[in-house]
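This briefing describes one protein structure. Look at the sequence and the model first, then read the points below.

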Number of protein chains: 2
Amino acid sequence: MESIKRTRIADILHNWQSIGIGNTVNLKGWVRTKRGNKNVAFIALNDGSIIHSIQIVVELAGFDEGSMKLITTGSCISVNGTLVESPGQGQAVEIQAKEIEVYGTADPETYPLQKKGHTLEFLREIAHLRPRTNTFGAVLRMRHAMAYAIHKYFNDNGFYYLHTPIITGSDAEGAGAMFRVTTLDAKNPPLTGTGEVDYSLDFFGKATNLTVSGQLEGELGALALSNIYTFGPTFRAENSNTPRHLAEFWMIEPEMAFYDINDNMDLAEDFLKYLVRYALEHCMDDLEFLNKMYDNELIDRLKFVVENDFQRLTYTEAIDILKASGQKFEFPVDWGTDLQSEHERYLVEKHFQRPVILTDYPSHIKAFYMKQNDDGKTVRAMDVLFPRIGEIIGGSQREEVLEKLIQRCREMHIPEKDIWWYLDTRRFGTAPHAGFGLGFERMMLFVTGMANIRDVIPFPRTPQNAEF
Amino acid sequence: MESIKRTRIADILHNWQSIGIGNTVNLKGWVRTKRGNKNVAFIALNDGSIIHSIQIVVELAGFDEGSMKLITTGSCISVNGTLVESPGQGQAVEIQAKEIEVYGTADPETYPLQKKGHTLEFLREIAHLRPRTNTFGAVLRMRHAMAYAIHKYFNDNGFYYLHTPIITGSDAEGAGAMFRVTTLDAKNPPLTGTGEVDYSLDFFGKATNLTVSGQLEGELGALALSNIYTFGPTFRAENSNTPRHLAEFWMIEPEMAFYDINDNMDLAEDFLKYLVRYALEHCMDDLEFLNKMYDNELIDRLKFVVENDFQRLTYTEAIDILKASGQKFEFPVDWGTDLQSEHERYLVEKHFQRPVILTDYPSHIKAFYMKQNDDGKTVRAMDVLFPRIGEIIGGSQREEVLEKLIQRCREMHIPEKDIWWYLDTRRFGTAPHAGFGLGFERMMLFVTGMANIRDVIPFPRTPQNAEF
């Protein structure tokens, strides 16, 4: 077969006018469907570069019958052909095949991704193949677009990307149950004289875990470089089998010296709108597919978020609204209790009908590092609540006064010896600062309209499941 | 103090002409030094946005003596002042202070980062504070720039970022010793009837480890989306205390459907040159500092790499050159042995005096997934060797023929049941493809001129060390 440089199908469909009708191109990809009659075959070819397949028209007279039989759904082929205008509807151009090479066939008896639709549950069991479907192609391309937009936003705004550690000897953040990381003999661990596991003999000379948050280390960076962000995997060893929890997920945590809680809210709102706008500007092909197949309010919802201010109010004001709402909630509402998903969704979806930023939560339901308000009972926390998702961002201004921070550590039984390094930032050149965390998969749920968090990450890790 | 929107010192120094001499600005940052006499103080202020500090001139008559005493090396201040041209050398502008607020002092008796220079070894012990030094400010800003350049390069070239799993139940890649991830009771693990640890009761229902490579999962992505890349943490539980090894490091692994080994080499060379060019174009302030302080051939070396072709040759040709070299090597050279660092450096630094790409290694020293050549004894591997670094990239064309791949698995005792999902990609619509891995910290060593890998990652993890 003549060697011609491959063109991506995305480039053909977007730039066919400059490529030129009548010219010969090479395409490579996977066959989604083949139909036709004894004279002509129509192949829908997809290479993952775009959600659309391109139609390959094969006048069978010039082609080897044996090879054509190998071209089944799921097979991989290389096609030299002429770019022609398509007489059919729904496509501007198609390819008149001149030569075809079959790289690999796919046996219709055993290939699991036949033409018929598949449930998302079934596709999770074949997560190694599901990127070849329209749905997961769309989700994974959007996941790339959102990750890139995150890096671009922070780069363009003077933030530095900081790689905080994945393996940590610290569990001060207290955000959740942790996975142990070890090289000790699992069956017969070395013991100390008092019969406890002797972690001094473990790889790092002490007990270590997978990080639940890069925030504390992020603060070290911000208190030197001013504005940093993290974007890395985080872990929770919680036995939560829900559509909203993963044991391994990705988190973005910006941290900014000299920001107060208002600056923090402004950044969070601007950042989220930037990401949604980026999706609308760069992913419309995929969004239209997802809007049609999974959530027909998706695009409207994304546009609404970009175009409208988020509602900002205090936790205390929110409690008053919930109490006066007349709604029957499963969990009763009272000042001092943590808000449940049903409360957050009432505020966002019913009362304000827009994203909401709640601030100034009771200190006893928030972490030790949040800046204490003068009222003695609340802290400068801020949570951003989104429609369908609930909490998408959690953040706060941080306590920068050493004595107040130490006092909180004592009240919450966090040993100073475990976080001497964190306290040092308040001991030496302390500064007002703030930050927040965005769960990447929660954001992905929002921008894709998918309902289950297992369907917005390539290889989900959940209790009893670490396949592939 | 009057509230004025803060300007980053980088913006002052780069854009002072558009900000305008005589205008009032607000700066916030950390004091590097303070000197002067009883009438005037000169403060070098740094906010991490750029390596340069800006000089703050304080006519002491108008300022509170007690506050001025708190302004020590390491303290954090906010300054309102007038942007003026500097009479001194080495700086275009300085700030005539009008008001100063001290956010936090730093006790000269206990603050570890006093004016005097510190060894890199000492700074590793205070990794929580070392981002405040010129050296680590420069390294961390360059680390950001390189990470961003990586995402930008792939995004602009139609690659999709794929998050491969960190926790994995697969250890087929065989790239190194692994860390176990577990929630089982460390002291009294549950046992099976035969007395072995019962991993079916562990969090994921089986034994799991930290990934050593995202490649196998990356191939799943490439064989659906055409071009993908990973950029994430990887782990090796090897007891290697060297300046070139970390237990936790970041790796970039692009994987491309329809690429052969030549396409793979072209991509690797173009990619590496892009990154080095990006550093030269975006990080010259930091490069000039590192060139002056650590490696006075650094900038010349970077320019050389950008401007010259990499030398490409086969492993067999390299062995012939080494044997004919007349050099005395610690490890003898013979066809079939793996190349040692001394051999790689001889080829790169002495013989060719440029980056080298070696291809077609003996199959028995390479991984099972590499494409077998027709000679029956070599595989389509490619390693990129860099001056000072040795191997910076390792990659290959992948074996796409199912039967050959299964045969190699058997020879290398890799159970098919462990990688059925990987084999499925060759079973259904297989395609020629290739990819490589770049160790991010090796690249950081190259572009910064630093000598120890612990100094190019914010929080290094090595045997006996997981601080912060």
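Which residues is B:L184 in contact with, leaving aside its neighbours within four places in sequence? They are A:R180, B:P190, B:V197, B:D198, B:Y199, B:L201 and B:D202, where contact means heavy atoms within 4.5 Å. This is a predicted model, in which local features need pLDDT of at least 70 and side-chain atom pairs count only at pLDDT 80 or more, while totals for chains, interfaces and linings use all residues. Residues are numbered from 1 along each chain as its sequence is written, chains are lettered from A and ligands numbered from 1 in the order in which they are written, and side-chain values use heavy atoms, with hydrogens and water left out.

- B:L184 is placed in the loop between β8 (180-182) and β9 of chain B; helices (H or I, at least four residues) and strands (E, at least two) are DSSP runs, numbered from the N terminus.
- With 8% relative accessibility, B:L184 counts as buried; buried means under 20% relative accessible area, exposed over 50% and partly exposed in between, using a 1.4 Å probe and protein chains only.
- From B:L184 to B:C283 is 99 residues in sequence and 47 Å in space, C-alpha to C-alpha.

**A sheet with strands from both chains**

- An open sheet is formed by six strands in the order β7(A)-β9(A)-β8(A)-β8(B)-β9(B)-β7(B), with antiparallel pairing; two strands pair if DSSP finds at least two bridges between them.
- At the edges stand β7 (167-168) of chain A and β7 (167-168) of chain B, each with a single partner strand, so one side of each has no neighbour in the sheet.
- β7(B) runs antiparallel to strand β9 (residues 208-210) of chain B, and two bridges join them.
- B:I167 has B:L210 in β9(B) as its bridge partner.

**Strand β4 of chain A**

- Eight of the 10 residues of strand β4 (residues 76-85) of chain A are buried, so the strand is largely enclosed by the rest of the structure.
- Strand β1 (residues 24-36) of chain A pairs with β4(A) in the antiparallel sense over seven bridges, and A:K28 is found opposite A:S78 in β4(A).
- β4(A) is also joined by 10 bridges to strand β5 (residues 93-104) of chain A, and these two run antiparallel.
- A:C76 has A:G104 in β5(A) as its bridge partner.

**Aromatic rings**

- Over all chains, the structure holds 57 aromatic pairs; rings of Phe, Tyr and Trp (its six-membered ring) pair if their centres lie within 6.5 Å, and planes under 30 degrees apart count as stacked, over 60 as edge-to-face and the rest as tilted.
- The rings of A:W421 and B:F468 have centres 6.2 Å apart and planes at 90°, so this pair is edge-to-face.
- A:W421 lies in helix α12 (residues 420-427) of chain A and B:F468 in the segment after α13 (440-448) of chain B, so the pair joins two chains.
- Both partners are buried: A:W421 has a relative accessible area of 2%, and B:F468 one of 7%.
- The rings of B:W421 and B:Y422 have centres 6.3 Å apart and planes at 75°, so this pair is edge-to-face.
- B:W421 is buried at 2% relative accessible area, and B:Y422 is buried at 0%.
- One aromatic cluster is formed by A:Y153, A:F154, A:F159, A:Y161, A:Y229, A:F271, A:Y274, A:Y278 and A:F436.
- A charge sits over a ring if NZ of Lys or CZ of Arg is within 6 Å of the ring centre and within 35 degrees of the ring normal.
- The charged end of A:R426 sits over the ring of A:Y422, 4.4 Å from its centre; the charged end of B:R426 sits over the ring of B:Y422, 4.4 Å from its centre.

**Helices**

- Helix α9 (residues 315-324) of chain A packs against helix α10 (residues 341-351) of chain A at an angle of about 80°, with their axes 11 Å apart; axes are lines fitted to C-alpha atoms, for helices over the stretch in contact, and angles run from 0 to 180 degrees between N-to-C directions.
- α9(A) and α10(A) are therefore roughly perpendicular to each other; angles under 35 degrees count as roughly parallel, over 145 as roughly antiparallel, 65 to 115 as roughly perpendicular and the rest as oblique.
- A:A318, A:I321 and A:L322 in α9(A) meet A:H343, A:Y346, A:L347 and A:H351 in α10(A).
- In helix α5 (residues 215-225) of chain B, 11 of the 11 residues are buried, so the helix is largely enclosed by the rest of the structure.
- B:S226 follows α5(B) and has a positive phi, near 75°.
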